[in-house]
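Please find below a colleague's note on the structure under review. The points are numbered so that each can be checked against the model.

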Amino acid sequence: MKVSPSILTCDFAHAADELHFVEKSGADMVHLDVMDGVFVPNLSFGPPVIASLRPHTALFFDVHLMICDPCRYLKDFLKAGADLITVHAESADNIPECLKEIRAAGCRAGLAISPDTPADTSLTAPYPFDQLYWQYLLAMVSHTCGDNVRYENTALLFNASYQSYGKWLKRRGA
């Protein structure tokens, strides 16, 4: 198991110090939550902040894009220093191509599924399962200010995702 703490709540005035703390704590990577205020209601940071953090650590950058149309910005995140880019299945119609583009650039690709996505439709697109960083299939749980946390679909999504992956492996003869 790898540990990837998020720096979303760090003191960005001292972000380099926060990264050094994460490194000294024994983390394997650092999780960077990128939110656009549209795909999710919160707004965080983008490629310029990630690029400014890159020189301060050798940690693996685990970049989680919670944004609309992530393919549009891939080159910016790759240039900023992402080692893994995770995109949401629901964020655009061209996610399979987006995942292939991430891998073609020499970066690891991850697939996230939002908790409100019905489990029976979560992986109907032709995802390139052989190219995903499967140790990092992420099923998010929505946390919004004051609302109840919604867990009901999370277990179903994991189950549906791994069932789909298993079917894909059987078709492939693995």
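1. Basis of the model. This is a predicted model, in which local features need pLDDT of at least 70 and side-chain atom pairs count only at pLDDT 80 or more, while totals for chains, interfaces and linings use all residues. Residues are numbered from 1 along each chain as its sequence is written, and side-chain values use heavy atoms, with hydrogens and water left out.

2. The core. The largest nonpolar core holds 33 residues, of which Ile50, Val63, Leu65 and Ile85 touch the most other members. At least two residues of this core come from each of helices H1 (15–24), H2 (47–53), H3 (74–80) and H4 (95–104), and from each of strands E1 (29–35), E2 (60–66), E3 (84–88) and E4 (108–113). H4 gives the most, with four residues. A nonpolar core is here a set of buried Ala, Val, Leu, Ile, Met, Phe, Trp, Tyr and Cys residues joined through side-chain atoms within 4.5 Å. Buried means under 20% relative accessible area, exposed over 50%, and partly exposed in between (1.4 Å probe, protein chains only). Helices (H or I, at least four residues) and strands (E, at least two) are DSSP runs, numbered from the N terminus.

3. Helix H1. The buried residues of H1 are Ala15, Leu19 and Val22. Seen down the helix axis, these buried residues fall within an arc of 60° (taken from the directions from the axis to the C-beta atoms), so they line one face of H1. They pack against E1 and H2. On the other side of H1, Asp17, Phe21 and Lys24 are exposed. Just after H1, Gly26 adopts a positive phi of about 95°.

4. Strand E1. Seven of the seven residues of E1 are buried. In a regular strand the side chains alternate between the two faces of the sheet. In E1, Met29, His31, Asp33 and Met35 lie on one side and Val30, Leu32 and Val34 on the other, and both faces are covered.

5. Pairing of E1 with E2. E1 and E2 run parallel and are joined by seven bridges; strands are taken to pair if DSSP finds at least two bridges between them. One of the residues concerned is His31, whose bridge partner in E2 is Asp62. Together, E1, H2 and E2 form a right-handed β-α-β unit. Right-handed means that, with the strands pointing away from the viewer, the path from the first strand over the helix to the second runs clockwise.

6. The cysteines. How many disulfides does the structure hold? It holds one, a disulfide being a pair of cysteine sulfur atoms within 2.5 Å. The pair is Cys71 and Cys98, with sulfur atoms 2.5 Å apart. It links distant parts of the chain, since Cys71 sits in the loop between E2 and H3 and Cys98 in helix H4, 27 residues apart. Cys71 is buried at 13% relative accessible area, and Cys98 is buried at 0%. Cys10 is buried at 13%, whereas Cys68 is partly exposed at 31%.

7. Gly46. This residue is found in the loop between E1 and H2. Gly46 counts as buried, at 17% relative accessibility. Leaving aside neighbours within four places in sequence, Gly46 is in contact with Val34 and Phe77. The C-alpha atoms of Gly46 and Tyr73 are separated by 9.5 Å, although the two residues are 27 residues apart along the chain.

Conventions: Contact means heavy atoms within 4.5 Å.
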